[in-house]
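Please look over the sequence and the model shown here before reading on.

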Amino acid sequence: MRRKFASSLAVFIVLSVAFMLLGGCATAEPEIPTPEATPEATPEPTPEATPEPTPEPTPEPTPEPEPETEPEPETEPVTLLIGAAMSLSDVITELSEMYVAQNPHVTLEHTFAPSGALQSQIEEGAPIDIFMSAAAAQMRSLEEQELIYGAGRNVVRNTLVLIVPADSDIDITDFEDVVSDDVRFFGTGDPETMPFGRFAREVFTELDLIDQVEPKFVLGSDVRQVLTWVETGEVDAGAVFMTDAITTDSVRVVVAADPALHSPSVNPVGIVESSEHKEAAQSFIDFLFSDEARAVFERHGFQMY
């Protein structure tokens with residue numbers, strides 16, 4: 001009986017195991033083979049874009065070096081000798097002081113004399129740098145001899161006047177009255193060397209009075225000497241430039257001569273050809289034509305040309 005039971009149990013166990021195995025096989029999901037991965041197509045290599053050339057930066061223009069400023073050379077001292085007519089002595093002295101104040105490296109020296117005398121000095125080689133005459137004739141003569149550098153320039157005009165002592169009671173009102181017996185001595189300059197003397201003779205010649213008045217002439221060495229004679233009464237009347245007459249209260253101006261009766265009373269200035277300082281001389285001459293010089297000339301009785 002035990003063997004039969006044991007045999008039945010063994011069969012039962014075998015069948016149970018088999019049934020379990022079959023059941024396991026029926027329910028187990030079949031394995032799905034994993035498909036092999038299809039290799040991705042290797043993309044064609046994209047040609048690299050040729051990089052545009054990077055423009056080289058435009059170099060900023062190198063500024064040209066500024067030229068080195070050479071230091072201005074020190075202005076060398078220079079001395080100029082001015083030969084001017086005596087009638088210009090006061091105004092040229094004042095203008096020279098003004099010019100030197102503005103140009104301290106320049107020294108201006110003067111020689112004042114009748115224009116004819118200065119002309120002779122220049123002809124003889126005097127070391128004059130600038131010549132300023134009381135008339136055109138002397139300048140023209142020097143130009144013709146090529147003793148003036150370039151040409152002279154007229155700066156101002158002057159006026160010939162008839163004068164008597166301030167306290168004179170002589171009754172004269174014009175040059176024609178010089179023939180009067182009240183005028184015994186008449187002061188003037190040498191017509192050959194002094195422009196004011198030549199102008200006076202021309203006036204009396206044009207008035208057809210020269211033969212009557214010339215015997216009364218007392219010739220001074222320069223215009224200032226004639227002025228002094230009239231101031232002190234050593235002569236009864238005289239002819240001088242207006243610019244001289246207004247320097248004193250001791251004379252009275254009777255009348256100005258008609259400019260049509262004598263040569264032009266101009267004051268030309270020029271550089272002497274032998275001057276070694278022509279540039280400096282020209283600078284001073286340019287100053288004579290300036291507005292500030294004009295004011296000084298006019299205050300001294302001159303008229304700008």
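The sections below describe selected features of this predicted model.

## Nonpolar cores

The largest nonpolar core has 66 residues. Within that core, the residues that touch the most other members are Met132, Leu160, Phe186, Phe204, Leu288 and Phe297. Apart from it lies another core, made up of eleven residues, including Leu118, Leu142, Ile148 and Val272.

When residues up to four places away in sequence are not counted, phenylalanine 186 touches Leu162, Val178, Phe204, Lys216, Phe217, Val218, Ala237, Gly238 and Ala239. Phe186 also belongs to an aromatic cluster, together with Phe175, Phe204 and Phe217.

## Aromatic pairs

The whole structure holds ten aromatic pairs. In one of them, tyrosine 99 and phenylalanine 284 have ring centres 5.2 Å apart; because their planes stand at 85 degrees, the pair is edge-to-face. This pair links distant parts of the chain, since tyrosine 99 belongs to helix H2 and phenylalanine 284 to helix H9 (residues 278-288), 185 residues apart. Both tyrosine 99 and phenylalanine 284 are buried.

Phenylalanine 297 and phenylalanine 302 form another edge-to-face pair, with 5.8 Å from centre to centre and 80 degrees between the planes. Phenylalanine 297 counts as buried because its relative accessibility is 0%. Phenylalanine 302, at 4% relative accessibility, counts as buried as well.

## Charges over rings

Arginine 153 lies over the face of phenylalanine 289, at a distance of 3.8 Å from the ring centre. In the case of tyrosine 149, the charged end of lysine 278 sits over the ring, 5.4 Å from its centre.

Serine 96 is placed in helix H2 (residues 89-102). With a relative accessible area of 3%, serine 96 falls under the 20% limit and is therefore buried. Leaving aside neighbours within four places in sequence, serine 96 is in contact with Ile82, Leu108, His110 and Phe284.

Glutamine 119 is found in helix H3 (residues 115-123). Its relative accessibility is 14%, so glutamine 119 counts as buried. The side chain of glutamine 119 makes a polar contact with the side chain of serine 141, at 3.0 Å. Not counting residues up to four places away in sequence, glutamine 119 touches Gln138, Ser141, Leu142 and Gln145.

## Helix H7 and its ends

Which residues of helix H7 (residues 223-232) are buried? They are Val223, Val226, Leu227, Trp229 and Val230. These residues lie on the same side of H7, because they cover an arc of only 160 degrees around the axis. In general, an α-helix has 3.6 residues a turn, so residues three or four places apart point the same way.

At the start of H7, aspartate 222 has a side-chain oxygen that reaches to within 2.9 Å of the backbone nitrogen of arginine 224. H7 is followed by glycine 233, which has a positive phi, near 80 degrees.

## An exposed loop residue

Aspartate 171 lies in the loop between strand E5 (160-165) and strand E6 (186-189). Is aspartate 171 buried or exposed? Aspartate 171 is exposed, because its relative accessible area of 63% is over the 50% limit. Along the chain, aspartate 171 and aspartate 182 are eleven residues apart, and their C-alpha atoms are separated by 8.1 Å.

How values were computed. Residues are numbered from 1 along each chain as its sequence is written. This is a predicted model: local features need pLDDT of at least 70, side-chain atom pairs count only at pLDDT 80 or more; totals for chains, interfaces and linings use all residues. Side-chain values use heavy atoms; hydrogens and water are left out. Helices (H or I, at least four residues) and strands (E, at least two) are DSSP runs, numbered from the N terminus. Buried means under 20% relative accessible area, exposed over 50%, partly exposed in between (1.4 Å probe, protein chains only). A nonpolar core is a set of buried Ala, Val, Leu, Ile, Met, Phe, Trp, Tyr and Cys residues joined through side-chain atoms within 4.5 Å. Contact means heavy atoms within 4.5 Å. The arc is that of the directions from the helix axis to the C-beta atoms. A polar contact is a pair of N or O atoms within 3.5 Å; within protein, one must be able to donate a hydrogen and the other to accept it, and residues adjacent in sequence count only if both atoms are side-chain atoms. Rings of Phe, Tyr and Trp (its six-membered ring) pair if their centres lie within 6.5 Å; planes under 30 degrees apart count as stacked, over 60 as edge-to-face and the rest as tilted. A charge sits over a ring if NZ of Lys or CZ of Arg is within 6 Å of the ring centre and within 35 degrees of the ring normal.
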